[in-house]
Amino acid sequence: MQTGDDTLEKVVRQATVEIRNAEGLHMRPAMQFVDVANQFNCDITVSNSENMVDGKSIMQMSMLAATCGTRLQIKAEGQDAEKAIDALRELVEEKMFDEPPPKQSKR
Amino acid sequence: MKFADFFCFEAIIAELQATDRDGVIEELVTSLDKAKRLKRGRRDEIIKAVITRENEASTGMGKGIALPHVKHTGVKDVVATMGQSSIGIDFSALDKQPVFSVILLIAPADAPDKHLQAMETIFRYLQRERFRKFLRQAQTPEQIEDLLREADENPSLL
């Protein structure tokens, strides 16, 4: 489905984010993501190279199994799409789900 | 990752005896211990760690499923098993409903990527209504094993 129809003025925003915490998108970060996503009315989908899932479903988000360094495409459709994308990008890339990044020189 | 790569079929419990969350966790960890999938003498520590993790945030994700898990040095490799309860267990699930299928996952402390891959396999199927229905209908450990092996062989059928 393309969004060629401008009469409804559908807002679509997309962003690519990178998982930066060492442990990746395990269950707790996935829950944080879903919690933030659910604060918005817009539809949110998240995809990696293989799957596209509902950003508001914990089971589907867990299925992405995004490891540290994985890039995810977030797409938001709806009136508050821009705010949603900003909040999710902040959670993933800046707050890093309140988790540490990988240790640089372990050995 | 396939179920056969990390799932301990031998430790599956078709009808859990325990009726509360912590009891179920203990029963499943013990079952993995009996199947020799934990390092010796680490059982109690692992039970405690899984319960501690569960207290931080429930892994009851709704639709009758819970996935208690922990990263722990008491295992050499990622290992999972599961148990089912026909009466339903209170896991303080997100949807506040009882849990009928409990999957326990234990991963080594230093392998976050493998942990994620095992999760991916588990959720790929658990989010399918058909799969959950088949799971609930399974009466024996063998039937559960067959279902998981079927998922490995013919993912599109489930």
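1. A polar contact is a pair of N or O atoms within 3.5 Å; within protein, one atom must be able to donate a hydrogen and the other to accept it. The model is a predicted one, and side-chain atom pairs count only at pLDDT 80 or more. On that basis, one residue pair is in polar contact between chain B and chain A, with both residues at pLDDT 80 or more.

2. How many salt bridges does the rule find across the interface of chain B and chain A? The count is one. Lys71(B) forms a salt bridge with Glu23(A), and the closest N and O atoms of the two are 2.6 Å apart.

3. On the side of chain B that touches chain A, strand S1 (60-62), strand S3 (69-71) and helix H4 of chain B each supply at least two residues. H4(B) gives the most, with 10 residues. By class, this side of chain B has nine nonpolar, seven polar and six charged residues.

4. In terms of contacts, 22 residues of chain B meet 15 residues of chain A. The two chains bury about 1,600 Å² between them, and 72% of that area lies on carbon and sulfur atoms. Which three residues supply more than any other three of the area that chain B buries against chain A? They are Met61(B), Leu116(B) and Gln127(B), which supply 35% of it.

5. Rolling a probe the size of a water molecule over the atoms shows where empty space is left. The count comes to one cavity of 30 Å³ or more, and the largest cavity has a volume of about 30 Å³.

6. Which residues line the largest cavity? The lining consists of Phe3(B), Phe7(B), Met82(B), Ile103(B), Ile122(B), Leu126(B), Phe131(B), Leu135(B) and Leu148(B). Helix H4 (112-126) and helix H5 (129-137) of chain B are the elements that give two or more residues to this lining. By class, the lining has nine nonpolar residues, no polar and no charged.

7. One element comes up under both topics: H4(B) gives 10 residues to the side of chain B that touches chain A, and helix H4 (112-126) of chain B also gives two or more residues to the lining of the largest cavity.

Key. Residues numbered from 1 in each chain as written. Chains lettered and ligands numbered in written order. Predicted model: local features only at pLDDT ≥ 70, side-chain atom pairs only at ≥ 80, totals over all residues. Heavy atoms only, no water. 1 Å grid on protein atoms, 1.4 Å probe; cavity = no way out; pocket = protein on both sides within 12 Å on 5 of 7 lines; lining within 4 Å. Points joined across faces, edges and corners; volume = space filled by probe spheres on them. Helix = DSSP H or I, 4+ residues; strand = E, 2+ residues; numbered from the N terminus. Nonpolar A, V, L, I, M, F, W, Y, C, P; charged D, E, K, R; others polar. Contact = heavy atoms within 4.5 Å. Buried area = accessible area lost by both parts, 1.4 Å probe. Salt bridge = Lys/Arg side-chain N within 4 Å of Asp/Glu carboxyl O. Polar contact = N/O pair within 3.5 Å; in protein donor to acceptor, adjacent residues only side chain to side chain.
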